[in-house]
Amino acid sequence: MASLKFELQHNCSTTKARAGKITTDHGEILTPIFMPVGTVGSVKAVTQQQLENDVKAQIILGNTYHLYLRPGLETLEAAGGLHRFMGWNGPILTDSGGFQVFSLSGTRKISEEGAVFQSHIDGSKHLFSPEIVMDIQRIIGGDIMMAFDECPPGGSEYNYAKTSMELTHRWLDRCVNRFTKIEDRYGHSQNLFPIVQGGVHHDLRKISCECISSKDLPGNAIGGLSVGEPTEKMYEICELCCDHLPTDKPRYLMGVGTPWNILECISLGVDMFDCVMPTRNGRNAMLFTSNGVINIDNKKWEKDFSPIDDGIDCEISNHYSKAYLRHLVKSKEILGLQIASIHNLAFYQHIVTQSRKEIFGGNFSLWKSQMSARWQQRL
RNA sequence: UCCUCCUUAGCUCAGUUGGUUAGAGCAUCUGACUGUUAAUCAGAGGGUCAUCCGUUCAAGUCGGAUAGGGGGAG
């Protein structure tokens, strides 16, 4: 089956930003794009209809580790894959569990073979090898599958970062080997993206970019950033990676970030983003808006009946007031979590949609610097 | 009119046989959150212990008076 296509549509004249189009068997994705995170087959507090109609999401994420533990492969396979199981007809990208090597570092052990995780649900132990991770992702059925990597902490010194990167590269060979031996599932194309590692060390990152580029896979990801290193370091490494990855394939910066992080990284040449921040921080009362950051918990919004955000194209954000949302959040009403999550995701979608327009329009650079300052204000 | 109980943070309440700097929950405010083990976590501010007089080395705590409130009897 034909792999996904990437068409580079426009290069920004003043920055390295670009606009493009990814075509998958579940539809097109206009880049730059933000992908809402739906770890367990659910973008927390948001229905698939809301993702499509209110957020206008073009692709969402699932997670190998979490979906493997629950609902489990038998259910996913019987359902005909994650798309059908969750009723989402757009593209899906599945993360490999590599991030859980980092985030669940207390309950896993790494070896050459793979990583053994102890389930956070029942304590049972499970081996995630590159081969097993490919098999699982085939069964989940995502349009884009991620290679199994080790994501080391941001502060990792050179020797650890090097050893870890080399392991990730050996795992990548095994991923590619297994991936190419198994057919696509459920009648649509599945595509493998490799992941750059190397910590904050320039020479390692260069080596890693060359290594993963040589696999000639349909897209490339930058991993191991926003895991504790300073923001400036993240930008620096992100730029270096973009400069050393192919221009004719989408570049995916994993796990980033704040609205201003995304603007900055778009300007460095990133095409795809994902982050839990809009949903998680939304559930924790932090709203990202076109005028700045709001803590909707604050009493100052008690009688502010203006829309949550009338500067973006989202009925939910335009319709409900700050005062009403604050009331819901203070009352711990489930609807508060929903509205906050939908709004933040719609705002993130606004960021990338508008970036795309500005790239085509030639004003991206100026617009970016204005918006970056504005969006960071605390209201 | 009498009897009885109560009064401690913005709110609802803990405070031992008197003994370091009077606590909690909620509320208020501030942080954090970046390929989700998180509708979570961390922290701050806020009290003339109703008022006054006494007992005592020492009173939120014991005694008395006053004020306000609850309940009961006439």
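Biologist: How do the residues lining the largest cavity divide into nonpolar, polar and charged?

Modeller: This is a predicted model, so take it as a reading of computed coordinates. The lining of the largest cavity splits into five nonpolar residues, two polar and one charged.

Biologist: And how do you find an empty space like that to begin with?

Modeller: Rolling a probe the size of a water molecule over the atoms shows where empty space is left. Here, one cavity of 30 Å³ or more turns up, and about 30 Å³ of space lies in the largest cavity.

Biologist: Which residues line the largest cavity?

Modeller: Look for A147, F148, D149, T168, H169, L172, I195 and I212. Helix α7, residues 158–181, gives the most to this lining, with three residues.

Biologist: Now for pockets. How much space lies in the largest pocket?

Modeller: About 990 Å³. The largest pocket has 44 lining residues, and F99, G255, C275, V276 and R280 lie nearest its centre. The elements giving two or more residues to that lining are β5, α5, α9 (231–244), β15 and α11.

Biologist: Which of them gives the most to the pocket lining?

Modeller: That's α11, with five residues. By residue class, the pocket lining divides into 18 nonpolar, 19 polar and seven charged.

Biologist: Where should I look for phosphate contacts?

Modeller: Check the distance from polar side-chain atoms to phosphate oxygens. For RNA strand B, a polar side-chain atom of S103 lies 2.5 Å from a phosphate oxygen. For N298 the corresponding distance is 2.7 Å, and for R283 it is 3.1 Å. The elements that give two or more residues to the surface near the strand are β5 (60–63), α5 (98–103), β15 (272–275), α11 (277–283) and α13 (322–330).

Biologist: Which element has the largest share of the surface near RNA strand B?

Modeller: α11 again, with five residues. That surface divides into 13 nonpolar, 19 polar and 11 charged residues.

Biologist: Is helix α10 mostly covered or mostly open?

Modeller: Mostly covered: eight of the nine residues in α10 (259–267) are buried. The buried ones are P259, W260, N261, I262, L263, C265, I266 and S267. After α10 comes G269, with a positive phi near 115°.

Biologist: One last feature. How many bridges join β2 to β3?

Modeller: Five, and the two strands, β2 (residues 18–24) and β3 (residues 27–31), run antiparallel. They form a hairpin with two residues between them. To get your bearings there, find T23, which stands opposite E28 in β3.

Definitions and conventions:
Residues are numbered from 1 along each chain as its sequence is written. Chains are lettered from A and ligands numbered from 1 in the order in which they are written. This is a predicted model: local features need pLDDT of at least 70, side-chain atom pairs count only at pLDDT 80 or more; totals for chains, interfaces and linings use all residues. Side-chain values use heavy atoms; hydrogens and water are left out. A polar contact is a pair of N or O atoms within 3.5 Å; within protein, one must be able to donate a hydrogen and the other to accept it, and residues adjacent in sequence count only if both atoms are side-chain atoms. Helices (H or I, at least four residues) and strands (E, at least two) are DSSP runs, numbered from the N terminus. Ala, Val, Leu, Ile, Met, Phe, Trp, Tyr, Cys and Pro count as nonpolar, Asp, Glu, Lys and Arg as charged, and the others, Gly among them, as polar. On a 1 Å grid over the protein atoms alone, a cavity is a set of points where a 1.4 Å probe fits but cannot get out, and a pocket is an open set with protein on both sides within 12 Å along at least five of seven lines; lining residues have an atom within 4 Å of a point. Grid points are joined across faces, edges and corners, and a volume is the space filled by probe spheres set on the points. Buried means under 20% relative accessible area, exposed over 50%, partly exposed in between (1.4 Å probe, protein chains only). Two strands pair if DSSP finds at least two bridges between them.
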